[in-house]
Amino acid sequence: MANGMRPAGGGGRRRSAVLGAVLGGCALVAAGTAPAAAHPGGPGRATAYVALGDSYTSGPGIPRQVDAGCARSDHNYPSLVAGRRQVAAFTDVSCGGATTAEMWQAQGTNPPQLDALDRHTDLVTVQIGGNDVGFGSIIATCARLAAQDPAGNPCERSYTASGHDELALTIVRTAPKVDRVLRAVRARAPHARVLVVGYPDLLPDDGSGCFPQVPFAQGDFAYLRDTGKRLNLMLRLVAGVNRAEYVDTYGPTVGHDMCKAPADRWIEPLQPASPAAPAHPNAKGEAAMAEAVLDRLHRGRGRD
C-alpha cells in the first residue's frame with residue numbers, strides 16, 4: 001500500500017477501535033484544561049532533542065530569525081527548552097506553514113521533518129495539526145464574514161449551514177493524520193520521550209470579544225474558542241493512544257489572548273504590536289510554552 005502502510009491485522013483493529021473512541025470524544029466534547037504550575041525545569045542532562053512542528057513552534061517574526069524560509073526564531077520554545085535543559089544535541093526543524101504532510105515531504109529547503117529523528121534521539125516535541133485544520137483560512141473567513149453581522153455569529157452559521165459543524169468534523173479527520181505522525185516518530189526514535197504540545201489560548205476564555213481589535217463577530221468568539229479547545233482535546237487523546245505525553249499550553253496562557261492590551265498579551269492580534277506573526281505567539285507566548293514543556297519534563301514520564 002502507499003506510504004508503506006499495511007492492512008490492519010488484530011493490532012490494527014484494536015488501534016482503530018481505540019482511535020474511533022478518540023474521534024467520538026472529539027466530536028462530542030470541547031474540554032478546557034487547568035493551568036499547569038510553572039517549575040524551573042529539571043537539572044541539565046545529556047539529551048538529543050529534536051523539535052517538530054509548525055509556525056506556533058518556529059516563532060515567525062520573533063527576533064532573532066535564523067531560518068527565513070521556515071520563519072524560525074532562536075527564541076522559540078524549543079530553543080528555550082534546549083537552553084534550559086542544557087541538551088547535548090538540539091535539532092529544530094519546525095517550519096511555518098507545516099502540516100502533517102511535511103513530516104514526510106520537504107517544505108522548500110526544509111527537509112522532511114521526520115528525517116531529523118534516529119535511534120539516538122531521546123527527546124521529541126511535536127506541535128502539529130493547526131494547519132491541517134486550516135487555522136489561516138478559518139481566521140480569514142471569520143474576519144470577512146464579521147463585516148456582514150458584527151453583533152451576530154456569521155462564521156458559526158457558515159460552518160454549520162450543512163447541519164454539521166464542519167470545523168469539528170475537520171478536527172476529527174485530522175486525528176488519524178496526527179496518529180500516523182506519532183507512530184512514525186516512535187518507529188524512528190523508539191527510545192525517545194515524546195511530548196505532544198497543544199496550542200495556546202488565542203481568544204478570551206470567557207467567550208467575550210473585542211471587535212474591531214480582533215475582527216470577529218461578537219457571537220463567533222465563543223465558537224472559535226471552543227474549536228480551539230476541540231483541537232487540543234484531539235491532540236491530548238491521540239497522544240494518549242500513542243503513549244506520548246500531552247503538554248497543555250492553553251491553560252497557562254489564559255488571560256493573555258490577543259484581545260488583551262499589548263503589555264499583557266502573549267498572542268498577537270491580526271495587526272501585531274510586538275514582533276510576531278498575526279494570530280501567533282510573541283516572545284512572551286513562546287516563553288510560556290517553553291515553561292509548560294519544562295514543567296512536563298520536570299514532572300517525569302506519566303506523572304500528571
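Hi everyone. pLDDT is the predictor's confidence in each residue, on a scale from 0 to 100. I start there since what we have on screen is a predicted model. The average pLDDT for this protein is 89, and 84% of the residues score at least 70.

Now the overall picture. The protein has ten helices and seven strands. It has 304 residues, of which 51% count as buried. If you take contacts between residues at least 6 apart in sequence, 72% of them join residues at least 24 apart.

Let me turn to one pair of helices, H3 and H10. H3 covers residues 77-85 and H10 covers residues 283-299; they pack at an angle of about 45°, and their axes are 8 Å apart. Angles under 35 degrees count as roughly parallel and those from 65 to 115 as roughly perpendicular, so H3 is oblique to H10. The crossing of these two helices is right-handed.

Which residues make the contact between H3 and H10? From H3 we have Tyr77, Leu80, Val81, Arg84 and Arg85. From H10 come Glu286, Ala287, Met289, Ala290, Glu291, Val293, Leu294 and Leu297. Sorted by class, that contact has nine nonpolar residues, four charged ones and no polar ones.

Staying with H3, its buried residues include Tyr77, Val81 and Arg85, and Pro78, Ser79 and Ala82 are buried as well.

Gln86 sits in the loop between H3 and strand S4, which spans 89-92. Is Gln86 buried or exposed? Its relative accessibility is 58%, and the cut-off for exposed is over 50%, so Gln86 counts as exposed.

Ala71 also has a positive phi, here about 50°, although it is not a glycine. You can find Ala71 in the loop between S2 and strand S3, residues 72-73.

While we are looking at the backbone, here are two cis peptide bonds. One joins Pro63 and Arg64, with omega at about -5°. Arg64 belongs to the loop between helix H2 (55-58) and strand S2 (65-67). Another joins Phe211 and Pro212, where omega is about 5°. Pro212 is placed in the loop between strand S6 (193-197) and helix H8 (220-241).

My last stop is Ala277, in the loop between helix H9 (250-253) and H10. Why does Ala277 count as buried? Its relative accessibility is 17%, and buried means under 20%, so Ala277 falls in that class. Beyond its neighbours within four places in sequence, Ala277 is in contact with Pro60, Glu268 and Pro272. Then there is Ile62: Ala277 and Ile62 are 215 residues apart in sequence, but their C-alpha atoms are 8.1 Å apart in space.

Conventions:
Residues are numbered from 1 along each chain as its sequence is written. This is a predicted model: local features need pLDDT of at least 70, side-chain atom pairs count only at pLDDT 80 or more; totals for chains, interfaces and linings use all residues. Side-chain values use heavy atoms; hydrogens and water are left out. Axes are lines fitted to C-alpha atoms, for helices over the stretch in contact, and angles run from 0 to 180 degrees between N-to-C directions. Helices (H or I, at least four residues) and strands (E, at least two) are DSSP runs, numbered from the N terminus. Angles under 35 degrees count as roughly parallel, over 145 as roughly antiparallel, 65 to 115 as roughly perpendicular and the rest as oblique. A crossing is left-handed if the near helix is turned anticlockwise from the far one by less than a right angle, and right-handed if clockwise. Contact means heavy atoms within 4.5 Å. Ala, Val, Leu, Ile, Met, Phe, Trp, Tyr, Cys and Pro count as nonpolar, Asp, Glu, Lys and Arg as charged, and the others, Gly among them, as polar. Buried means under 20% relative accessible area, exposed over 50%, partly exposed in between (1.4 Å probe, protein chains only).
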